[in-house]
Every structure is written in structure tokens, then in C-alpha cells.
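This briefing sets out what can be read about a pocket and a metal site. Please look over the sequence and the coordinates before going on to the notes.

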Amino acid sequence: MMDDHPADFEEIARRFSHLWQALNHGSPETRKILVDRVRDALDRGEARLRDADCQIVANSFMLEALIHDGAATQVYRARHRDLGTLHAIKMPKPDHADDPVLRKLMLREAEIGMALRHPHIAATQTVLRLADGRPALVTEWIGSRLAELLQERPLSLGEITSVMTSVLSCLEAIHAAGFVHCDLSPLNLLADGDLSRLKIADFGIALERGCRHSQFDLAFAGQPDFASPEQMAGQRLDERSDLYAAGCLLSSLLNHCNEESDGSEALKALANRLSQQDPQARPENARAALHLLDGSAKRPVDA
Ligand SMILES: Nc1ncnc2c1ncn2[C@@H]1O[C@H](COP(=O)(O)OP(=O)(O)OP(=O)(O)O)[C@@H](O)[C@H]1O
Ligand SMILES: [Mg+2]
């Protein structure tokens, strides 16, 4: 779905540069032939070029592929025209261009994303204003979702521990900045194939600590399989709500693990502790959860 062909791109750029040099430095006769050939190729290809789904935004980013077509928003893989870098660009769908609530939510998402910097957070880079006024969030491009990786192969206990270490250290940073993510799940965890570089994305329904979603005109926000009981009930949320989701995440990772040992039992116990119904029964914060995770990882495999 998210195929990228950097080698092809470089090859095309190399060939174009040769053509350009030939056009500039060749003999008048060669130049005439080349110009004629280029014209001919453009004439024949014009129809295809016109039909090609090539949209350019802010005169800077070429939208290469539609990656996500949600109810109200779309995400494109985009390439910066001068730098060649890849980005994800999230924007309201064109028919939602006049939706003031969505616009406000997207700008809020951008502000929260820009306020957070962490090696395991997908970096929000800027916000563009499209010609019709829609905001477009530009983030670093990260290949695929954990949800897809989980369908491809089982995980080792070491990989699960590494994913949870990234997630919990990232949650610690989000909570220290005063926010609750509220949407932690394999759909919002992105990785470029390498799980040690996993990043949390999607601050679309993040809240300031102590707030509730109804304050932002959102009746219910979150994924039922991962949202804490207090989030499902529309209550004020704090960091322990994200720890509940982290527990659900750990359980689902363990369902994709083919190792059975004391180590896996310890991780199951941690998942259970994190996803307690009563927030008070969960670890106090992400740091405490990280300590517990560290303890689980140190359990000898065959003790
Ligand atoms: N930085 C990124 N790199 C690569 N893909 C991304 C990136 N950001 C988002 N995506 C893709 O787009 C999908 C949707 O993005 P995101 O989670 O931000 O939107 P959403 O708020 O869940 O969408 P909706 O409005 O439909 O609920 C992701 O699950 C992922 O597949
Ligand atoms: Mg999402």
C-alpha cells in the first residue's frame, strides 16, 4: 500500500539531468533532434499526464498516494518537490472544508503535535493552509502501522518489551507536557519495519489532563477495544487512562507472540495490572509502569 521507490526516483532524476545537459551543451543539430523528440514524447504522453492523479499543495508538496480515507479526514503520502523528502499530510476531506468544528480540532491536533518532541513520537512538522482554507498537517513519513506488522508475523518477547518500552517512555513525555493521548492502539503506532523505531502518531483526540471530550464537541472519541472505562463514560481523563490502553495493547501483542515462558507470564500480569477497571488500581504513572516492565523483562526465562 505504501510503496516507495527511492531508487526509481533517483534514476529518473539522473536521466533527466543527462537530458538537460545534452539539451544545453549538444551541437545545434543534436539539440534540434532532442527538442523534437521531447516535444513528441510530451505530445503523446499529454493525455496520461493530464489524467495522472498529481495534486500539488502549497506549490511545495506533491500528493503521491491517498493512504487513509476516513469519515472526515484524509491522509496522503506526499513528497517535497525540492527536497525529495517524504511526509504524511492529513487534511479534512474536501466536502468537510466548511466544517468549523473539524477545522478547530485539526488546528488543535497540530498545536499539540508541534508542542511534543520525542524520538518515539511522529514529528508534526508544520501546518499548511490549502487554497480553500483547509488546514493540512505535515508530519514525518513513517512506513507502516503496527496493525499491519502484526498480521505479517508473530512477535518475540524481546520485541514486545521493546515496543512497550517505546510506548511507555513516549507516554511519559506526553503526560509530562500535560496531555493524555486518548487513542493508543496498533492503528496509531507506526514503524518503518523496524520495531525499535516505533512511533506514536495521531493526536486528533488528545486532551489536556483533566479535560473531557465533550468540551470539544466530541460525544465519544476513542477505540472501544482500547479506551478506558472512564473514557467510554465521557469523564475527565488523566494519564492513567492511557495506561489502560497500554495494558490492552500489551495483551494484544502477547496474543501475537509464539513464546511461552515465565517472561510471558510476567508480561501478562503487567497487562492485567495496567488495564484494571479502577484507575487507582493501575500503576501511578508511565514511569512506574516502565519500572514494572523492566522487572518483567529481567525475569529469567526458565526460572
Ligand atoms: N506520519 C505518518 N506516516 C505514515 N502514515 C501515516 C502517518 N500518519 C498517519 N498515517 C496513516 O494514516 C492513517 C490515519 O491517520 P491518523 O491516525 O492520524 O488519522 P485518524 O484521526 O485516525 O483518522 P480518522 O479521522 O479517519 O479517524 C494512519 O493509521 C496511518 O495509516
Ligand atoms: Mg488514527
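Does D202 count as buried, partly exposed or exposed, and at what relative accessibility? D202 counts as partly exposed, because its relative accessibility is 22%, a value that lies between the 20% limit for buried and the 50% limit for exposed. The model is predicted, and the points below place D202 in its surroundings, where it is one of the protein donors of the magnesium ion (ligand 2).

**Magnesium site**

- N188 counts as buried because its relative accessibility is 9%, which is under the 20% cut-off.

**Largest pocket**

- The largest pocket holds about 1000 Å³ of space, and among its 39 lining residues H68, T73, K90, N188 and D202 lie nearest the centre.
- Both domain 1 (55–140) and domain 2 (144–297) contribute residues to the lining, so the largest pocket lies between them.
- At least two lining residues each come from strand 2 (61–69), strand 3 (73–80), strand 4 (86–92), helix 3 (100–115) and strand 6 (135–140), with helix 3 giving the largest share, four residues.
- By residue class, the lining of the largest pocket comprises 23 nonpolar, 10 polar and six charged residues.

Note on methods. Residues are numbered from 1 along each chain as its sequence is written. Chains are lettered from A and ligands numbered from 1 in the order in which they are written. This is a predicted model: local features need pLDDT of at least 70, side-chain atom pairs count only at pLDDT 80 or more; totals for chains, interfaces and linings use all residues. Side-chain values use heavy atoms; hydrogens and water are left out. On a 1 Å grid over the protein atoms alone, a cavity is a set of points where a 1.4 Å probe fits but cannot get out, and a pocket is an open set with protein on both sides within 12 Å along at least five of seven lines; lining residues have an atom within 4 Å of a point. Grid points are joined across faces, edges and corners, and a volume is the space filled by probe spheres set on the points. Ala, Val, Leu, Ile, Met, Phe, Trp, Tyr, Cys and Pro count as nonpolar, Asp, Glu, Lys and Arg as charged, and the others, Gly among them, as polar. Domain bounds come from an automatic or database domain assignment. Donors are N, O and S atoms within 2.8 Å of the metal (3.2 Å for Na, K and Ca); water is not among the atoms, so sites may look incomplete. Buried means under 20% relative accessible area, exposed over 50%, partly exposed in between (1.4 Å probe, protein chains only).
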